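Here is a short briefing to read alongside the model. Keep the 3D view open and find each part as you go.

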Amino acid sequence: MRSPLFVVAGAAILALSATLTGHSASAAPVPAVAAAPDIPLANVKAHLTQLQTIATNNGGNRAHGTTGYRASADYVKARLDAAGYQTTLQSFTYGGATGYNVIADWPGGDPNQVIMTGAHLDSVSAGPGINDNGSGSAAILETALAVARENFQPDKHLRFAWWGAEELGLRGSQYYVNNLPSAERTKIKGYLNFDMVGSPNPGYFVYDGDNSDGVGSGPGPAGSAQIEQVIQSYFTSIGVPTRGTDFDGRSDYGPFISVGIPAGGTFTGAEGIKSSAQAQLWGGTAGQAFDRCYHRSCDTTTNINDTALDRNADAIASSVWTLAGTATPPGQIVFSDDFETNKGWTVNPNGSDTATAGQFQRGIPQA
């Protein structure tokens, strides 16, 4: 992968060559790294409305093994199929019932360098699970659809996943990781997890990849600190402070970090109580749960903080765009030279050099 720094350096060297030789050197413009698009909140909420309708029409929930869950998986898969993804409905069995993971690959990118983004799609049996975890599922779905709308062509390969039976012990993600050959595991260079990103009394938590908080289970696998930094940098750019949250094994990053895959993600809080300091930091109500409807029937479309959902959806897109990298557009040629072999520099081409002094020469590369 060519880094933006190298591309800029190549352009600068080309300009320097033109100055020294006294003739113009032509090259295609150097592409800028693509910025992630804004993720429309209305689109994310439209997915939540669909998940609410599915639950309402199927006994009030979208739990593992139910028609409500299967309809949720079918909805997500249909949207991805229409957008051009290569999708798989991976089935597994738990508790005597069939569950499903929806796996979606965006064509292109280095298949040996995979950035994976996931969220669990199932609810508990007590309610429709719109914040937990329709919010994460809808946000990554709209991010995936934005990839298609923008025709994003990153250096790395993009994969998205919606996990089944998380509420019963991470069963879907565990099945996926356990059945992934070791050679395929090593291709996943980062896993992003988004579980509850629209809590009504929200906090802004980022998984503590480097264990800078010194709390709980320690740092994530190598690379997790970099994922944390990418996510934090987005929130810093919009003026929203974040706090770390431990890799405590409560969500679908667990199976990934257990086999050494770096991970990260965001979380807006569950049944924990917001402190006075946190209310001062983020607003909201101190002494009240981040989500009073956690695992209850009231976890409906009214149980969402729009601002938190919007910010997190944009953070997801920013992280995906940043971590996946931007490939050079088709047909775009950017000059490069390792300074050891001649890669195309021509001395006095066609006798056109009018410079009175100076000559471009290759040098000895340094570390």
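C293 and C298 are joined by a disulfide, with their sulfur atoms 2.1 Å apart; the term stands for a pair of cysteine sulfur atoms within 2.5 Å. By this rule, the count comes to one disulfide. This is a predicted model, where local features need pLDDT of at least 70, side-chain atom pairs count only at pLDDT 80 or more, and totals for chains, interfaces and linings use all residues. Residues are numbered from 1 along each chain as its sequence is written, and side-chain values use heavy atoms, leaving out hydrogens and water.

**The disulfide up close**

- The link of C293 and C298 is left-handed, with -115 degrees about the S-S bond.
- C293 is buried, at a relative accessible area of 13%, while C298 is partly exposed at 26%.
- For these words, buried means under 20% relative accessible area, exposed means over 50%, and partly exposed lies in between (1.4 Å probe, protein chains only).

**Strands side by side**

- Helices (H or I, at least four residues) and strands (E, at least two) are DSSP runs, numbered from the N terminus.
- Two strands pair if DSSP finds at least two bridges between them.
- Strand β1 (residues 86–94) pairs with β2 in the antiparallel sense over nine bridges, and T93 stands opposite T98 in β2.
- In the hairpin of β1 and β2, two residues sit between the strands, and G95 takes a positive phi near 60 degrees.
- Strand β2 (residues 97–106) also pairs with β4 in the antiparallel sense, over five bridges.
- Two of the partners in β4 are W162, which faces V102, and R159, which faces D105.
- Strand β3 (residues 110–120) runs parallel to β4, joined by eight bridges, and V114 stands opposite H157 in β4.
- β3, helix α4 (residues 130–150) and β4 make a right-handed β-α-β unit; right-handed means that, with the strands pointing away from the viewer, the path from the first strand over the helix to the second runs clockwise.

**What lies inside**

- Eight of the eight residues of strand β4 (residues 156–163) are buried, so β4 is largely enclosed by the rest of the structure.
- Eight of the 10 residues of β2 are buried, so β2 is largely enclosed too.
- The largest nonpolar core has 77 residues, and L158 and W162 are among those that touch the most other members.
- Such a core is a set of buried Ala, Val, Leu, Ile, Met, Phe, Trp, Tyr and Cys residues joined through side-chain atoms within 4.5 Å.
- Not counting residues up to four places away in sequence, L158 touches residues including A104, I115 and V320; here a contact means heavy atoms within 4.5 Å.

**Salt bridges**

- The structure holds seven salt bridges, each a side-chain nitrogen of Lys or Arg within 4 Å of a carboxyl oxygen of Asp or Glu.
- One of them joins the side chains of D306 and K45 (3.0 Å, N to O).
- D306 lies in helix α10 (residues 306–324) and K45 in helix α2 (residues 41–56), so this pair ties together parts that are 261 residues apart in sequence.
- K77 and D81 also meet in a salt bridge (2.9 Å, N to O); being four residues apart in helix α3 (residues 67–83), they are separated by about one helical turn.
- E142 forms a salt bridge with R149, with the closest N and O atoms 2.8 Å apart; E142 is buried at 2% relative accessible area, whereas R149 is partly exposed at 48%.
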